[in-house]
Amino acid sequence: KPVPMVVYFGGTGEQGTNLVSLFRQTTVFSYLTAPDFQKGHPCYIFAPMMPKGAVIRAALPGESSRLAALTCDAMYAVINTLKHPPVDANRLYVTGLSWGGVATFELACSFPGRFAACVPTACIQSPLRIPRKSPGNYWMLYNENEFASGWSQKAIREIEEIVRAGGGDFRRSTFPDRGHDAWSKAWRENAVWEW
């Protein structure tokens with residue numbers, strides 16, 4: 001029967017044309033491809049290679065960037081080739097780390113209703129970019145010290161308000177660790193994948 005697809009975006013360190021770099025952050029790949037995980041949650045992973053210095057954010061809220069549109073076109077081209085099992089187009093999920101977390105937000109915001117859930121990790125987004133209608137479902141994961149500023153906390157609260165007012169689900173989890181790397185723990189959280 002049809003299975004979900006998880007779209008994954010790496011950070012700036014994973015950009016470029018070197019395929020090895022794309023898989024530099026191994027947590028999401030090793031976790032999702034583990035036999036036990038696939039037995040309980042069979043899925044495909046779509047990991048597009050982004051050019052060095054890529055900008056995925058659209059110029060204005062409510063618009064989609066060219067790179068976001070190209071990524072979705074490529075995703076659907078791949079989906080159309082997968083037949084055994086096919087992809088469940090109602091269960092497309094998007095996640096990413098750092099720059100890839102911003103890309104995660106961008107895809108969900110550019111194409112409201114297309115992704116069943118959005119899991120941005122170690123990043124933040126401007127509330128202005130979140131669509132008021134069909135905003136989607138979000139679970140933000142980050143280290144608590146990284147977005148502890150008043151501006152960051154206010155932005156996260158505003159995102160939550162917009163998502164909930166538009167009928168979406170919003171969750172956030174923080175880790176007590178210092179630094180930027182929240183993804184090594186985030187993608188090992190069973191609760192996220194069960195959600």
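First, the ground rules. This is a predicted model, so local features need pLDDT of at least 70, side-chain atom pairs count only at pLDDT 80 or more, and totals for chains, interfaces and linings use all residues. Residues are numbered from 1 along each chain as its sequence is written, and side-chain values use heavy atoms, with hydrogens and water left out.

Now the sheet. Helices (H or I, at least four residues) and strands (E, at least two) are DSSP runs, numbered from the N terminus. Two strands pair if DSSP finds at least two bridges between them. Six strands make an open sheet here, and the order is β2-β1-β3-β4-β5-β6. The pairing is parallel. Which strands stand at the edges? They are β2 (44-46) and β6 (170-175). Each has a single partner strand, so one side of each is left without a neighbour in the sheet. From one strand to the next, the twist averages 20°. For angles, axes are lines fitted to C-alpha atoms, for helices over the stretch in contact, and angles run from 0 to 180 degrees between N-to-C directions.

As a reminder, strands of a sheet pair through backbone hydrogen bonds, either parallel or antiparallel. Let's go pair by pair. β1 and β3 are joined in the parallel sense by six bridges. There, F9 has G96 in β3 as its bridge partner. β3 and β4 run parallel, with five bridges. T95 is partnered by V119 in β4. Strand β5 (residues 138-143) runs parallel to β6, with six bridges. Y138 pairs with F170 in β6.

Next, helices on the sheet. Contact means heavy atoms within 4.5 Å. α5 packs on the sheet and touches β1, β3, β4 and β5. The direction of α5 makes about 145° with that of β3. Helix α6 (residues 150-165) also packs on the sheet, touching β5 and β6. The direction of α6 makes about 150° with that of β6.

How do helices α4 and α5 cross? The axes of α4 (residues 66-79) and α5 (residues 99-110) come within 10 Å and cross at roughly 80°. That makes α4 roughly perpendicular to α5; the label covers 65 to 115 degrees. On the α4 side, the contact uses A68, T71 and C72. On the α5 side, it uses E106, L107 and S110. By class, that contact has three nonpolar, two polar and one charged. Ala, Val, Leu, Ile, Met, Phe, Trp, Tyr, Cys and Pro count as nonpolar, Asp, Glu, Lys and Arg as charged, and the others, Gly among them, as polar.

On to the pocket. A pocket is an open set of points on a 1 Å grid over the protein atoms alone, where a 1.4 Å probe fits, with protein on both sides within 12 Å along at least five of seven lines; lining residues have an atom within 4 Å of a point. The largest pocket has a volume of about 360 Å³, the space filled by probe spheres set on the points. Its lining has 21 residues. P4, H41, R91, Y93 and W193 lie nearest the centre. β3 gives the most to the lining, four residues. The lining divides into 15 nonpolar, three polar and three charged residues.

Last, the backbone. The peptide bond from H84 to P85 is cis, with omega near 0°. P85 sits in the loop between α4 and β3. A122 has a positive phi of about 60°, although it is not a glycine. A122 is in the loop between β4 and β5.

Terms used: Parallel < 35°, antiparallel > 145°, perpendicular 65-115°, else oblique.
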